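Subject: Structure handover

Hello,

Here is the structure I promised to pass on. Please open it first, then read my notes below.

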Amino acid sequence: MLYGLPPMSDVTAKPAPKVGFVSLGCPKALVDSERILTRLRGEGYEIAPTYEGADAVVVNTCGFLDSAREESLESIGEALARNGKVIVTGCMGAEADLIREAFPQVAAITGAHEYEAVMEAVHAALPPPPQDPFRDLVPPQGIRLTPKHYAYLKISEGCDHKCSFCIIPSMRGPHVSRPVGEVLREAEALVDAGVKELLVVAQDTSAYGLDVRYRPGEWRGREWRADLQGLASGLGELGVWTRLHYVYPYPHVDRTIPLMAEGKILPYLDIPFQHASPGVLRSMRRPGNQERTLDRIRAWRELCPEIVLRSTFVVGFPGETEADFQFLLDWLDEAQLDRVGAFAYEDVQGAAANALPDHVPEEVKQERRERFMLKAGAISTAKLKKKVGQTLQVLVDEVRPDGVAVARSRADAPEIDGNVFVKGARLQVGDFAEVRVTRTAAYDLWAEPATGGALRSAPMLAPRRPGMRRIISRI
């Protein structure tokens with residue numbers, strides 16, 4: 001997708017240079033794109049919505065899977081064909097030789113989250129405009145590519161794990177935590193700008209602070225420990241929805257569950273289990289003490305019955321037998337996860353799993369994925385049926401032309417989980433509302449208003465600090 005932003009006001013006659021921007025990949029890469037765009041706008045560049053209207057194009061690539069690499073290469077080729085001056089960044093920047101071989105005419109190639117290198121490449125291709133005191137200021141929360149009511153909050157870079165199917169550490173480097181005070185100040189600026197949901201992301205969110213020995217930081221006149229519990233406690237002070245993604249099931253994650261039970265953060269954990277069979281997990285080299293996962297899930301539900309668990313799984317991993325797959329299905333029956341996705345295994349160039357014996361035939365992988373999703377769908381259908389007649393708090397993402405509001409409950413993350421379709425309510429994007437569930441499907445809910453209208457805040461969470469100034473972004 002080529003992003004465009006409205007032009008900044010400019011009293012000078014000379015137009016500002018225009019940069020086109022293509023962002024591919026996961027939410028972590030999206031945050032990288034937002035930071036680069038913020039720097040570009042801060043230096044006076046305009047962001048062009050079309051290839052033809054841009055003086056140069058930045059392509060932020062993804063290289064997690066071979067299919068993602070192909071999409072990235074196609075996007076680079078398209079940008080070159082339609083513009084001609086292209087700067088490549090992101091995960092595929094680690095494969096500069098491959099990119100140069102395919103596209104020797106690219107202007108520059110940088111790696112993931114190398115913001116300074118990207119800006120240097122842009123400067124070389126398009127010298128920045130002179131500073132103009134009449135230009136609009138970039139908003140304190142920076143440029144965002146998500147809707148105004150939710151934002152991704154990246155708390156660390158890189159990864160230290162050696163999973164056999166993954167090459168993220170070689171592309172994004174080792175795990176590096178951001179200072180806790182810096183993260184909390186960024187979160188506060190987002191909330192001040194109108195964000196009502198913070199989605200915490202990292203390659204391994206639960207490893208936050210490990211590399212800095214949980215060194216505390218200052219925010220709001222207090223010290224906060226740089227670990228998952230300390231960070232979540234601080235975010236819980238902001239009075240908005242806070243959702244934790246990419247959390248490995250380490251024992252210390254248990255300490256965040258009381259915060260969910262108290263309403264400080266959402267009772268939601270996105271945990272990339274990937275599989276359940278001990279043999280497959282060993283071949284995957286997965287961390288996280290997964291042998292005791294079911295016990296941990298039971299303990300979490302006892303402490304916080306409302307907790308929602310989402311995960312993704314890989315089926316058809318090399319060496320996965322029918323017995324391994326059946327073990328996974330039986331595990332899913334017992335775990336009763338609320339939100340589940342699955343991928344059929346595919347090789348990733350450079351990953352150790354490529355060399356494993358006994359690769360599963362493609363037709364078997366697809367058949368297992370279908371069986372897995374049938375099981376997951378049945379579990380979700382049964383869980384959602386119990387919600388008929390219940391009152392839920394939802395956050396509105398879209399209002400369709402027919403007046404139906406497309407919203408999400410506290411159990412649903414944007415773009416990956418289900419929706420709540422609300423009829424008969426006068427709602428706007430970014431509104432909270434209380435709704436009563438009328439019917440369900442496998443993953444979605446339909447509802448009607450349970451109150452007179454929208455709720456302008458999230459009353460089920462901790463209140464915001466009184467007197468805080470709200471800055472509305474004009475971007």
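What does the accessible surface of the protein come to, and what percentage of it belongs to carbon and sulfur atoms? The total is about 20200 Å². Carbon and sulfur atoms hold 53% of that. Keep in mind that this is a predicted model.

Some overall figures next. The protein has 475 residues, and 56% of them are buried. It contains twelve helices and 21 strands. Take the contacts between residues at least 6 apart in sequence: 74% of these join residues at least 24 apart.

Now a helix pair. H11 covers residues 322–335, and H12 covers residues 362–385. Their axes come within 10 Å and cross at roughly 10°. Angles under 35 degrees count as roughly parallel, so H11 is roughly parallel to H12. On the H11 side, the contact includes Phe325, Leu329 and Asp333. The contact residues divide into seven nonpolar, one polar and five charged.

Then the aromatic rings. The whole structure holds eleven aromatic pairs. One of them joins Phe165 and Phe317 edge-to-face, with 6.3 Å centre to centre and 80° between the planes. Phe165 sits in the loop between S8 and H5, and Phe317 in the loop between S15 and H11, so the pair ties together parts 152 residues apart in sequence. Both Phe165 and Phe317 are buried.

Tyr248 and Tyr250 are stacked, because their ring centres lie 5.9 Å apart and their planes are at 15°. These two tyrosines, Tyr248 and Tyr250, are buried as well. Finally, ring pairs link Phe273, Phe313, Trp331 and Phe372 into a cluster.

Best wishes

Terms used
Residues are numbered from 1 along each chain as its sequence is written. This is a predicted model: local features need pLDDT of at least 70, side-chain atom pairs count only at pLDDT 80 or more; totals for chains, interfaces and linings use all residues. Side-chain values use heavy atoms; hydrogens and water are left out. Axes are lines fitted to C-alpha atoms, for helices over the stretch in contact, and angles run from 0 to 180 degrees between N-to-C directions. Helices (H or I, at least four residues) and strands (E, at least two) are DSSP runs, numbered from the N terminus. Angles under 35 degrees count as roughly parallel, over 145 as roughly antiparallel, 65 to 115 as roughly perpendicular and the rest as oblique. Contact means heavy atoms within 4.5 Å. Ala, Val, Leu, Ile, Met, Phe, Trp, Tyr, Cys and Pro count as nonpolar, Asp, Glu, Lys and Arg as charged, and the others, Gly among them, as polar. Buried means under 20% relative accessible area, exposed over 50%, partly exposed in between (1.4 Å probe, protein chains only). Accessible areas come from the Shrake-Rupley method with a 1.4 Å probe; for residues, only the protein chains shown count as cover. Rings of Phe, Tyr and Trp (its six-membered ring) pair if their centres lie within 6.5 Å; planes under 30 degrees apart count as stacked, over 60 as edge-to-face and the rest as tilted.
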